[in-house]
Amino acid sequence: MADISSQSLPPVSFANEKKGEHELQHTVSNINGEVEEARPNLLLPGAKHTVRQLLPRHIQLMAISGAIGTGLFVGSGSALARAGPLGLLLGYAVYSLLVWSTFNAMGEMVTWLPVDGSFVVYAHAYLDDAWGFALGWLYTANSSLSAAGEAAAVAAIINFWTDSVNNVILMVGGNPQHDAFGFRYWKNPGLFNEYVGSGNWGHFLGFWSVFVQAAYAFGGPDYIATAAGEVRSPRRVLPTVFSRVIYRLVLFYVLGVLAVGVLVPYNDSDLGANKPGAGASPFVIGATRLGIPVLPHIINAALLTSAWSCGLELYFAATRSLYALAIDGKVPKFFLSTWRGTPIFCVITIWAITLISFMAVSNSSLTVFTWITSIVGSANLVIFCIFHITYIRFRRAQMAQNVTERPWFRRNQYYYSIISLVFYIIIFFTNGWVVFTKGNWAISSFIFAYFPLTMFIVTYAGYKLIMRPVMAPLHEVPLYAGRSMADIDDGYAEPEPNTKWQKVNRWLWG
């Protein structure tokens, strides 16, 4: 892989170096590369305010913990009920190809420019400020709703330990010592379920309905990208992280939905039935069917820890997104008065959780969770579209500026991104198709399916009309977004592994 250090970069200048403490004060530049006077103790546009201390295992575990949450463990139940076991498996398998392409596109940009704010900064620099502003706020709001969704799912999971579920366990029965499930439920009730339509058309519609749930559940590259400015030796570490995490996620998700389809028939009355506890997760339903008394409790406890870790990662990712807006002057600096943007994010999240709590008074927590799945999954589709739009222009700018040496890239990713963008757009506009069928119109379902695009358009158009940003010609696109080499890399040279344990650790984590 080629090194970009030999290419021209914005100049690095320092002031007020404190000997012994290795503290450097940058003469910083904004998103357009315009130099601004360095002032101590202030958040300045383009300045580096985080420390590179995260190791490969930290990044990979952050990506996995943020991706594997209630979307898989709870949301896959309703998807199984709609699509059947093979429809669910195929839906996740196809969507994983799109996510693989998104990981590669984002990985290439992040390895090129591993800075705080990552994809928000890229949208500002490679498109224009309106794109970055709208993306940053959409991502922050979406993460707030995702965190609230984890809370709603936790409420449903906790209900497992109420007295009402004991009757469910007693009624299910089962003989774990002698009953081998095999692929029994793939034969009866069948591979596919009929959803809305009948026959093969109903089977296809059931399969297609899986995508929006997969968009909510499947982890994207944003969890890695938001931490890019805090990774030690980023240009060595990030390519290995991006290339390995996606395969681990795909393996976990595909095997997970395969297990669900093997253990639970799609016509099980508990799937998505809003019953306490057992109706919350197909994994718990499957464990209950096995008739092993302690197993459902163990799985339920594991789901709680998963939801907790996913919620923490959502807080981290959203605050880093808002932080990127603030350091480039797109939101007032008081949002960052403490904890890098946590105050305003907490306000948004608390508002979302409060609203959802009021909704849950008249509806079960699982119903609320289903609504959140729809709106967050829809928003993820919009966000991933913007990722690919940004990447396509990034590559076009590189070609216009004759950049041939890149630190990490996937062959033909430019074309993969175009194809992925088309599919994401199709999935987004068809994700709410059910409301347009006879007898299924619901204004709430329509809003949850398409509101994220409305939010993006309003924030984009508002910023465009007020601030009038101009998209730079391809040959003038600031590929380094005004950042210096000190912002991009820490210069840390990690020693090559010598011992057997060090080699295993390098192989496992990168």
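Trainee: Why is Ser146 called buried?

Mentor: Ser146 has 8% relative accessibility. Buried means under 20%. The value of 8% falls under that cut-off, so Ser146 counts as buried. Keep in mind that this is a predicted model.

Trainee: Where is Ser146 found, and what is Ser146 in contact with?

Mentor: Ser146 sits in helix H5, residues 129–158. Its contacts, leaving aside neighbours within four places in sequence, are Tyr216, Leu314 and Val376.

Trainee: What makes Ile426 partly exposed?

Mentor: Ile426 has 39% relative accessibility. Buried is under 20%, exposed is over 50%, and partly exposed is in between. At 39%, Ile426 is in between, so it counts as partly exposed. This residue lies in helix H16.

Trainee: Which residues make the nonpolar surface patch with Ile426?

Mentor: Tyr415, Tyr416, Ile418, Ile419, Val422 and Phe423 make it together with Ile426. The patch is about 640 Å². Patch residues need over 30% relative accessible area. Ile426, at 39%, passes that cut-off.

Trainee: Is Asn431 buried or exposed, and how do you know?

Mentor: Asn431 has 14% relative accessibility. That is under 20%, so Asn431 counts as buried. Asn431 is in the loop between H16 and helix H17 (443–467).

Trainee: What does Asn431 touch, and how many residues apart in sequence are Asn431 and Gln213?

Mentor: Not counting residues up to four places away in sequence, Asn431 touches Val212, Ser378, Ala449 and Tyr450. Asn431 and Gln213 are 218 residues apart in sequence, yet 9.4 Å apart in space, C-alpha to C-alpha.

Trainee: Why are Cys310 and Cys385 both called buried?

Mentor: Cys310 has a relative accessible area of 5%. Cys385 has 11% relative accessibility.

Trainee: How many disulfides does a search of the whole structure find?

Mentor: The search finds 0. A disulfide needs a pair of cysteine sulfur atoms within 2.5 Å.

Trainee: Which residues of helix H8 are buried, and what covers them?

Mentor: In H8 (residues 199–208), Gly202, Leu205, Gly206, Phe207 and Trp208 are buried. Their cover includes helix H3 (76–112), helix H9 (210–217) and H16 (413–430).

Trainee: Which elements have the lowest and the highest mean pLDDT?

Mentor: Strand S1, residues 14–18, has the lowest, at 31. H16 has the highest, at 97. Over residues 1–45 the pLDDT is below 50. That stretch still has 98 contacts in the model, beyond near neighbours in sequence.

Note on methods. Residues are numbered from 1 along each chain as its sequence is written. This is a predicted model: local features need pLDDT of at least 70, side-chain atom pairs count only at pLDDT 80 or more; totals for chains, interfaces and linings use all residues. Side-chain values use heavy atoms; hydrogens and water are left out. Buried means under 20% relative accessible area, exposed over 50%, partly exposed in between (1.4 Å probe, protein chains only). Helices (H or I, at least four residues) and strands (E, at least two) are DSSP runs, numbered from the N terminus. Contact means heavy atoms within 4.5 Å. Patches are made of residues with over 30% relative accessible area and no salt bridge: like charges are joined within 9 Å, nonpolar side chains (Val, Leu, Ile, Met, Phe, Trp, Tyr) within 5 Å. Accessible areas come from the Shrake-Rupley method with a 1.4 Å probe; for residues, only the protein chains shown count as cover. A salt bridge is a side-chain nitrogen of Lys or Arg within 4 Å of a carboxyl oxygen of Asp or Glu. pLDDT is the predictor's confidence in each residue, from 0 to 100.
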